[in-house]
Amino acid sequence: RDGKRIAFVRRVKQKPVLFVFDIATGEQRPVYDNLDRDLQADFVPQGAYYPKFGWFPDNRHVAIWGKGKLYRVDTETGAAAEIPFRVHARHRITLPARFPQELAPARVSARAIPDIAVTPGGKTLVFHAVGHLWRQALSGGTPQRLTDTTAFESEPALSPDGGSIAYVTWDDEKGGSLIIAAADGRSPRTLATSRGPIRQPAFSRDGTRL
């Protein structure tokens with residue numbers, strides 16, 4: 001209250017610490033470190049990173065919250081004494097909205113079909129949905145699985161003559177693979193593997209390189 005010192009909280013490594021800054025000398029000194037973790041890593045509070053604290057009228061002690069309690073901290077010695085308090089509160093408990101979630105439904109509606117590839121003749125569509133590759137005639141019909149593997153398949157690329165298809169797979173244990181197969185998914189052959197992901201295969205214009 002005498003305007004000579006400022007109390008503030010600052011992170012020191014992993015611990016929030018109460019500091020005191022002497023305006024006349026510019027000295028800042030740590031006082032008390034038995035505080036709860038602050039919210040400096042969170043953007044949401046924007047200025048409310050630690051609960052309010054303040055000086056006692058004697059210009060020496062600070063009241064501050066930590067570990068679920070209030071403390072009277074001596075800024076000269078660093079000694080802290082608990083300030084006992086009791087709160088009577090009334091709370092209204094509202095039942096949360098709960099919705100059933102079927103973890104293994106018999107049918108799944110695909111909401112997105114990324115990685116679309118169209119045969120050169122424009123008759124067949126190959127796309128990625130629910131972790132696998134599917135074929136469907138552009139005129140309509142029911143999509144059919146391109147393969148019967150269990151790995152995650154994606155990013156199909158069709159050769160210029162429409163006779164081959166290349167795509168990538170991912171397995172959490174084995175990593176990524178580059179696969180080439182007949183356009184209908186038969187006779188798949190692994191061309192390359194990697195512990196990391198392989199992405200976006202593309203054929204050369206003459207179809208001799210991938």
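Guide: Let's start with Val 9. Setting aside neighbours within four places in sequence, Val 9 is in contact (heavy atoms within 4.5 Å) with Pro 16, Val 17, Leu 18, Leu 35, Gln 40, Tyr 50, Phe 53 and Ile 64. A word on the basis: this is a predicted model, where local features need pLDDT of at least 70, side-chain atom pairs count only at pLDDT 80 or more, and totals for chains, interfaces and linings use all residues. Residues are numbered from 1 along each chain as its sequence is written, and side-chain values use heavy atoms, leaving out hydrogens and water.

Val 9 belongs to the largest nonpolar core, which has 12 residues in all, including Leu 18, Leu 35, Tyr 50 and Ile 64. Such a core is a set of buried Ala, Val, Leu, Ile, Met, Phe, Trp, Tyr and Cys residues joined through side-chain atoms within 4.5 Å. Buried means under 20% relative accessible area, exposed over 50%, and partly exposed in between (1.4 Å probe, protein chains only). At least two residues of this core come from each of strand 1 (5-12), strand 2 (15-22), strand 3 (28-32), strand 5 (61-66) and strand 6 (69-74); strands are DSSP runs (E, at least two residues), numbered from the N terminus. Apart from this core lies another one of nine residues, among them Ala 117, Val 126, Ile 165 and Tyr 167.

Now for the charged pairs. The structure holds nine salt bridges, each a side-chain nitrogen of Lys or Arg within 4 Å of a carboxyl oxygen of Asp or Glu. One of them joins the side chains of Lys 15 and Asp 33 at 3.4 Å, N to O. Lys 15 lies in strand 2 and Asp 33 in the loop between strand 3 and strand 4 (54-55), so this pair ties together parts 18 residues apart in sequence. Lys 15 counts as partly exposed because its relative accessibility is 43%, and Asp 33 is partly exposed too, at 38%.

Glu 82 is in strand 7 and Lys 69 in strand 6, 13 residues apart.

Further along, the side chains of Glu 155 and Arg 199 form a salt bridge at 2.5 Å, N to O. Since Glu 155 lies in strand 12 (residues 152-158) and Arg 199 in the segment after strand 15 (189-194), the pair ties together parts 44 residues apart in sequence. Glu 155 counts as buried at 11% relative accessibility, whereas Arg 199 is exposed at 53%.

Key:
Helix = DSSP H or I, 4+ residues; strand = E, 2+ residues; numbered from the N terminus.
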